[in-house]
Amino acid sequence: MRTKQELGAAIRRERRAALVVNAHSRRGRRLYEGARSRLTAAGFTLLGTYPVDRPDELEQSLAAAAELGPDLLVAGGGDGTIGTAARLLAHRDIALGLLPLGTTNNFARTVGIPLDLDAAVAVLTDGKVIDVDLGLVGNMRFTNHVGVGLSADVMRKAPPRLKRAAGRLAYPITALALLARRRPLHATVRAEGREHEFVSHQLYVANGGFHAGRPITADANADDRLLVAYPVGGPTRRGLLRDTARNASTGHRRTLGEDPFLAVRQLWLETDPPARVEVDGELYGETPIRIGLDPNALRVMAAADSPDR
């Protein structure tokens, strides 16, 4: 395995890459050709290009791209696409390049990748290789978060047509429709010898620094060896709506030392009754679950001035 510096030097010198774009996503279908032509114009030799039209072919296409032996695997799409690529590339001698083409692009925001396509390609051209943590739920790695409660039900119920038409607004629209008939969860989080009780409609455990396209706190990131667990609101529907708005508007000013955030290395989470779980926007199963960290598991091409531990 090369060092990060050696891998970065190889990317800048050889420009050997492969491209996988989720063309089924809202922006991916429209931007695939633009991504391919921009990478070629930037001097990259594309060993393989994969526009993926069917979600069930994404993992296979990413694996095929990795088998070509690129120094850089460029993944274009939303958080689901990026999360799938991250799991595949964990602890491998290939850097992940990000083209944020999704709805919220939480992981790209966490590692400082611009949302503009030309600026994102410039990072691939002039950036450096850093390594970041991945979360672990069971044996499954994740980039951004585990959601317990309402968010999992929203993932299950949000209509694809609404997501394409409304973008990120599809999720709160679906949540409002579901809230009318939901009861809050009684959750217990055990971490570092302490037990924490919450009554809420929604809990998150985050590895990255963004959720729903907004900062979780000013100091949360994916390279700090910490998970951030927090409920959104208390037992009432009004509290959920209030805290959702508060988090969206004040996340950039809050810190991990404030309530209700728990910054820990691993935790055990159970709820009464058992609740559905989503991992980076994909349905996973039900509580109880154990969540931990895989430190510095993923190499990412990031801006040249990006912090790196």
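This is a predicted model: local features need pLDDT of at least 70, side-chain atom pairs count only at pLDDT 80 or more; totals for chains, interfaces and linings use all residues.
Glu192 takes a positive phi near 50° in the hairpin of strand 8 and strand 9, which has two residues between the strands. Residues are numbered from 1 along each chain as its sequence is written, and side-chain values use heavy atoms, with hydrogens and water left out.

Two strands pair if DSSP finds at least two bridges between them. Ala191 has Arg194 of strand 9 as its bridge partner. Strand 8 also pairs with strand 15 (residues 267–272), in the antiparallel sense and over five bridges. In that pairing Thr188 stands opposite Glu270 of strand 15. Five of the seven residues of strand 8 are buried; buried means under 20% relative accessible area, exposed over 50%, and partly exposed in between, with a 1.4 Å probe and protein chains only.

Another sheet is open and has six strands in the order 14-13-10-7-16-17, with antiparallel pairing. Its edge strands, strand 14 (262–264) and strand 17 (282–286), each pair on one side only. Neighbouring strands of this sheet are turned by 20° against each other on average, direction ignored; the axes are lines fitted to C-alpha atoms, for helices over the stretch in contact, and angles run from 0 to 180 degrees between N-to-C directions.

Within this order, strand 10 (residues 202–206) and strand 13 (residues 227–231) pair in the antiparallel sense over four bridges. Tyr204 has Tyr230 of strand 13 as its bridge partner. What does a search of the whole structure find in the way of aromatic pairs? The search finds two. Rings of Phe, Tyr and Trp (its six-membered ring) pair if their centres lie within 6.5 Å; planes under 30 degrees apart count as stacked, over 60 as edge-to-face and the rest as tilted. The ring centres of Tyr204 and Tyr230 are 5.8 Å apart and their planes stand at 40°, so this pair is tilted. Tyr204 in strand 10 and Tyr230 in strand 13 are 26 residues apart, and the pair links distant parts of the chain. Both tyrosines, Tyr204 and Tyr230, are buried. Tyr230 also forms an edge-to-face pair with Phe261, at 5.4 Å centre to centre and 65° between the planes. Phe261 lies in the loop between helix 10 (237–250) and strand 14, so its pair with Tyr230 of strand 13 ties together parts that are 31 residues apart in sequence. Phe261 counts as buried at 7% relative accessibility, and Tyr230 counts as buried at 5%. Tyr204, Tyr230 and Phe261 form one aromatic cluster.

Charged side chains make further links. A salt bridge is a side-chain nitrogen of Lys or Arg within 4 Å of a carboxyl oxygen of Asp or Glu, and by this rule the count comes to 17. One of them joins Arg2 and Asp93, at 2.8 Å from N to O. Arg2 lies in the segment before helix 1 (4–14) and Asp93 in the loop between helix 4 (79–89) and strand 4 (95–100), so the pair ties together parts that are 91 residues apart in sequence. Arg2 is partly exposed at 25% relative accessibility, as is Asp93 at 24%.

A salt bridge of 2.7 Å, N to O, joins Asp308 and Lys4. This pair links the segment after strand 18 (289–302), where Asp308 lies, to helix 1, where Lys4 lies, 304 residues apart. Asp308 is partly exposed, with a relative accessible area of 29%, whereas Lys4 is buried, with 16%.

Arg92 and Glu67 meet in a salt bridge at 3.9 Å, N to O. Arg92 is in the loop between helix 4 and strand 4, and Glu67 is in helix 3 (residues 58–67), 25 residues apart. Arg92 counts as partly exposed at 27% relative accessibility, while Glu67 counts as exposed at 63%. Salt bridges that share partners also join Arg2, Arg16, Asp71, Asp93 and Arg299 into one network.
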